[in-house]
Amino acid sequence: TGIGRETALKLASLGATVVLACRSWERTEPVVAEITRLCPRGRAVFIPLELSDLDSVRDFVKQFSEQFDRLHLLINNAGVMAPPRTLSRDGFELQFATNHLGHFALTTLLRAALEAAPAARVVNVSSVAATQPGLPVATVAADSDPDYDKWKSYSRSKLANLHFTMGLDQKLRAAGSSVQAIAAHPGLANTNLFRPDAGRISKVATKVGQSAANGALPQLFAATAPTAKGGQYFGPRILQARGAPTLIKPKDSATDAALIAELWDVSQDLSGLRWS
């Protein structure tokens, strides 16, 4: 749904084979049918994926590898926002598990497929809310946290998307890889991420947020524009809330070398995966 659906439709309309990595076939089937009907040059393939479950990530990569030998674009678009404190199947705080750790594992396991494609790109979708400093490493896997704040956790998980992008870009450059890591955010896009229980921000998004189609433009730009380069960050032009995609200077915390290294080490330890 939302900006993921719009991104898939646009890429398929231009002739891409789009792999829809989603939790539910029942909710994905209408998009597959829509792409089949509206995008004769493209194709949609559904492979189930629950990003908060590391076993599901591994199963997805296995099924993907059985069907494809390369991957040109990996758009890490999935996200959850401000639910009550919940732990993933692996025992991690759900927003961290879904918004960052699952994407870290997915990208790591798809590295060979990305390297097999000419000039592949990884696009990590962050948020204008990526403002909360630091990573609460001590509470990522805790069964309980009396100081838990769902909005701070969401903000940190979206900052982690930027830390991951910057760290990944550095490692790809050091390896002489042709793969590029780029970040984007949709601004204030009116999608079902803003549930009624999300509070005042949900009402604001409903009234003044831009459409999901416009919210998808920054990540489409990051994925396809010839001028987009590794390590860059794109978002809406007008107050980072709406409008055409433009290059954004991330906050200093997003490029903090110590935080980037800390997140990378924590991600490797929790996922059991190493980026050699």
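Guide: Let's start with Thr-165: beyond its neighbours within four places in sequence, Thr-165 is in contact with Asn-124, Ala-181, Ile-182 and Ala-183. Please keep in mind that this is a predicted model.

Visitor: What makes Asn-124 a contact of Thr-165?

Guide: Contact means heavy atoms within 4.5 Å. Asn-124 is on the list for Thr-165, so the pair has heavy atoms within 4.5 Å.

Visitor: And why is Thr-165 called buried?

Guide: Buried means under 20% relative accessible area. Thr-165 has 0%, so it is buried. You will find Thr-165 in helix H6, residues 150–174.

Visitor: How do you know whether Thr-246 is buried, exposed or partly exposed?

Guide: The value for Thr-246 is 22%. Under 20% would be buried and over 50% exposed, with partly exposed in between, so Thr-246 is partly exposed. Thr-246 sits in strand E7, residues 242–247, and touches Tyr-233, Phe-234, Gly-235, Pro-236 and Arg-237, leaving out residues up to four places away in sequence.

Visitor: Now Gln-210: why does this residue count as buried?

Guide: Its relative accessibility is 3%, and the cut-off is under 20%, so Gln-210 counts as buried. Gln-210 belongs to the loop between helix H7 (200–208) and helix H8 (212–215). Setting aside neighbours within four places in sequence, its contacts include Pro-186, Leu-188, Pro-236 and Arg-242.

Visitor: What lies 3.0 Å from a polar atom of the side chain of Gln-210?

Guide: That is the backbone oxygen of Pro-186.

Visitor: Which residues make the contact, and how do they divide into nonpolar, polar and charged?

Guide: H4 brings Phe-96, His-100, Leu-101 and Phe-104, while H10 brings Leu-263, Trp-264, Val-266, Ser-267, Gln-268, Leu-270 and Ser-271. Of these residues, seven are nonpolar, four are polar and none is charged.

Visitor: What does the chain come to in helices and strands, and how much of it is buried?

Guide: The chain has 10 helices and seven strands. Buried residues make up 50% of its 276 residues.

Terms used. Residues are numbered from 1 along each chain as its sequence is written. This is a predicted model: local features need pLDDT of at least 70, side-chain atom pairs count only at pLDDT 80 or more; totals for chains, interfaces and linings use all residues. Side-chain values use heavy atoms; hydrogens and water are left out. Helices (H or I, at least four residues) and strands (E, at least two) are DSSP runs, numbered from the N terminus. Ala, Val, Leu, Ile, Met, Phe, Trp, Tyr, Cys and Pro count as nonpolar, Asp, Glu, Lys and Arg as charged, and the others, Gly among them, as polar. Buried means under 20% relative accessible area, exposed over 50%, partly exposed in between (1.4 Å probe, protein chains only). A polar contact is a pair of N or O atoms within 3.5 Å; within protein, one must be able to donate a hydrogen and the other to accept it, and residues adjacent in sequence count only if both atoms are side-chain atoms.
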